[in-house]
Amino acid sequence: YICDMFSKKYMIGGSLIGLGAIGVYLSTFPGYWGFLIAFGAMAILGEVTYWPVLLKAIRLLGDEKTQGRMFGFLEMGRGIIDVIVASSAPALRGGLLFLSAVTACAGVLCLIFVPNDEKRTGENGKEQNRAQAAFGGMIQALKNIDIWAVALNGFVVYCIYCGLTYFIPFFIHIYMLPVTPVGMIS
C-alpha cells in the first residue's frame, strides 16, 4: 500500500538517509530505550519504506522475461557492495559511522538519480487517486491464493534460516564437533 502511495525516488532515498541518521545515533551507544527506539525506527525504514519499494522498482525495470535477470543483478550488486563496504569498515564506532555515511550517501544518490513515478491514468484518461489505486491493488492481492502460498513459503524459509544459527552451538556443545566442520556446515 505504501509503495503505491508515494514516489519510489523519495521512499528509497528518504529511507536510506533515515537509516544513515539512525546509524550515527547508534554510534553514540545510547541506553537501552534508545536502542529499542532506534531498532524500531530501523525496522520501519528498512522493512516498510525501503525494501518493498526497492523490490517493486526492480520488478518494474523489466518485463516478465527479464525480471529474473534484474533480480539476479540486484543480488549480485548487493553481494559485491556488501563485501567491499564490510571489508572497508574499521572498529565498532568507526564502522557504524562509516556504514551510516555510505547508506546516507546512497540515499542522496537515489534522490538525485532515481526518476519520479509516472502519473497513473485510469480507463477514462483521468489521473487516478493514488490511495484508491493502492488500496484496490492491496485488496486484489489479499484475495490471491498464490500470494498467500508464496508468503507462507517465504515465512517457512526464513524460520529455517533463523533456526540454522542454533545448530552451530548444538553441533559444538552437544555433538562435540570441531569448529572447522561446524563452520563449513554453517
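This is a predicted model: local features need pLDDT of at least 70, side-chain atom pairs count only at pLDDT 80 or more; totals for chains, interfaces and linings use all residues.
User: Are α2 and α6 roughly parallel or roughly antiparallel?

Analyst: The axes of α2 and helix α6, which covers residues 92–113, come within 7 Å and cross at roughly 165 degrees. Angles over 145 degrees count as roughly antiparallel, and therefore α2 is, relative to α6, roughly antiparallel.

User: How many nonpolar residues does the contact of α2 with α6 have?

Analyst: The residues of α2 that meet α6 include Ile 12, Gly 13, Leu 16 and Gly 20, while those on the α6 side include Ala 104, Gly 107, Val 108 and Leu 111. By class, the contact has one charged residue and seven polar ones, and its nonpolar residues number 15.

User: Which element gives the most to the largest nonpolar core?

Analyst: The largest nonpolar core has 12 residues, among them Met 11, Leu 16, Tyr 50, Val 53 and Cys 110. Two or more residues of this core come from each of α2 (8–26) and α4 (51–59). With four residues, the element that gives the most is α4.

User: Is Gly 31 buried, partly exposed or exposed?

Analyst: Gly 31 lies in the loop between α2 and α3, the latter spanning residues 32–47. Buried means under 20% relative accessible area and exposed means over 50%, so Gly 31, with a relative accessible area of 46%, is partly exposed.

User: How far apart in space are Gly 31 and Trp 148?

Analyst: In sequence, Gly 31 and Trp 148 are 117 residues apart. Taken from C-alpha to C-alpha, the separation of Gly 31 and Trp 148 in space is 39 Å.

How values were computed. Residues are numbered from 1 along each chain as its sequence is written. Side-chain values use heavy atoms; hydrogens and water are left out. A nonpolar core is a set of buried Ala, Val, Leu, Ile, Met, Phe, Trp, Tyr and Cys residues joined through side-chain atoms within 4.5 Å. Buried means under 20% relative accessible area, exposed over 50%, partly exposed in between (1.4 Å probe, protein chains only). Axes are lines fitted to C-alpha atoms, for helices over the stretch in contact, and angles run from 0 to 180 degrees between N-to-C directions. Angles under 35 degrees count as roughly parallel, over 145 as roughly antiparallel, 65 to 115 as roughly perpendicular and the rest as oblique. Contact means heavy atoms within 4.5 Å. Ala, Val, Leu, Ile, Met, Phe, Trp, Tyr, Cys and Pro count as nonpolar, Asp, Glu, Lys and Arg as charged, and the others, Gly among them, as polar.
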